Amino acid sequence: MSREINNVYWEDVQVKQDLPEKSRVIDTTLIAMGATWATHDFMPVHHDRDFAQSKGAPDIFMNILTSNGLMMTYLEQWAGPKAVIKDISIKLSVPNFPRDKMDMNARITRKWQEKGENLIEVAFNGDNQMGPHASGTAIISLPTRG
Amino acid sequence: MANKFGVLPFNSPVEPTMDYSKIAPLIGVQSPRHLPHDRVTVEDVDRWCQVMRDTNPLYTDEEYARQSPHGGLLAPSGMVHVFALGTMKAAIDQFVHGKCEFPDDPNVKLNTVVEEEGYTGVMATAQRQQHFRRLRVGDEIHWTLGIARLSDYDHLTRQGVGRKYQMLYQFFNQNDELLCNQTFDVLVYRAPMSTRRLYAG
């Protein structure tokens, strides 16, 4: 399969650099399929509106595995296949409910070399119309040109 | 001490709103190693990548992956937790009928206690994954989990009054190599009656 594959190299990034923003529409399909089909999370609050409401929630809401997957994918799609996410911490605030949109952004906060690896730390956010859904930091090992 | 609005601060002392003695023996106890449900398959990875819109060729392009230093298809590292989650039947048995696949696991015992104490709502609030090795298509994932801590006071949250606990997962492959350490934070809460009435129809 021929396709253009971009890699980000450690030498080419700087602290305080912003990653390009991305958005995802959040709908019932993404929440329900993300939970059940992609992440095997059959807790009914993520696919059964009646069950979610019986637990006090206004609607089904995204499971953390999908939120984590969306944020990791956002970072990996930027960094390219030679990059490796070594460590990722994610904190959820307001839930992702259907009929919403999540805007993802990130900034490089640190850049260093350790034990033969070329590392950066990024702080990332995924915001919906109610406020911050997911925020956190990730440590990514990047390739070098050398 | 409550503030002028009658709201207790988050760092309030232990409150007699639940019997903590039932919980204390469960803290710091790790479950036995659980055997894998299944292998990591191309289909598993494809479903994840479709939902996440992940086009990383190490996950999606067999030829590219074979020619890479990895020598074959990988799975996204974040997927590792997926393989510790049970089948649909097991989940419905647990969450709807209260019958758990691993009734002796500390988190299952904890959930039973907190539900009896009226914290019927549950929500994951945070997680950290430290990845040590790549997850590969064909791997079998073993895992163990435990409870690291449970807050000994009530938090006032958007969802209602609740408690927070932290689970510790360790994921291994079929060669007994540690793939990932994961913490997983959960909020259990008492949904306010006004909210319950509103959504009861």
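Author: **A buried spot and its surroundings**

Leaving aside residues up to four places away in sequence, A35(A) touches D41(A), H46(A), H47(A), N63(A) and T66(A). Touching, or being in contact, means that the C-beta atoms of two residues, placed from the backbone, lie within 7 Å. This is a predicted model: local features need pLDDT of at least 70, side-chain atom pairs count only at pLDDT 80 or more, and totals for chains, interfaces and linings use all residues. Residues are numbered from 1 along each chain as its sequence is written, while chains are lettered from A and ligands numbered from 1 in the order in which they are written.

A35(A) sits in helix α1 (residues 28–38) of chain A. Helices (H or I, at least four residues) and strands (E, at least two) are DSSP runs, numbered from the N terminus. A35(A) is buried because 26 other C-beta atoms lie within 10 Å. The cut-offs are 20 or more other C-beta atoms within 10 Å for buried, 12 or fewer for exposed, and partly exposed in between; C-beta atoms are placed from the backbone.

F61(A) is 26 residues from A35(A) along the chain, and their C-alpha atoms are separated by 9.4 Å. Not counting residues up to four places away in sequence, F61(A) touches I31(A), V45(A), H46(A), A52(A), P95(A), N96(A) and F97(A). H46(A) is touched by F61(A) and also by A35(A).

Now the core. The largest nonpolar core has 79 residues. Such a core is a set of buried Ala, Val, Leu, Ile, Met, Phe, Trp, Tyr and Cys residues joined through C-beta atoms within 7 Å. F61(A), M71(A), I140(A), V80(B) and F171(B) have the most contacts inside it. In soluble globular proteins, nonpolar side chains tend to be buried together.

Next, the interface. Chain B puts 39 residues in contact with 36 residues of chain A. On the side of chain B that touches chain A, β2(B) gives the largest share, nine residues. Strand β2 (residues 84–92) of chain A pairs with β2(B) in the antiparallel sense over five bridges. Pairing requires at least two DSSP bridges between two strands. S89(A) stands opposite R128(B) in β2(B).

For contrast, take a loop. R158(B) lies between β5 (155–157) and β6 (160–172) of chain B. R158(B) is exposed, because 12 other C-beta atoms lie within 10 Å.
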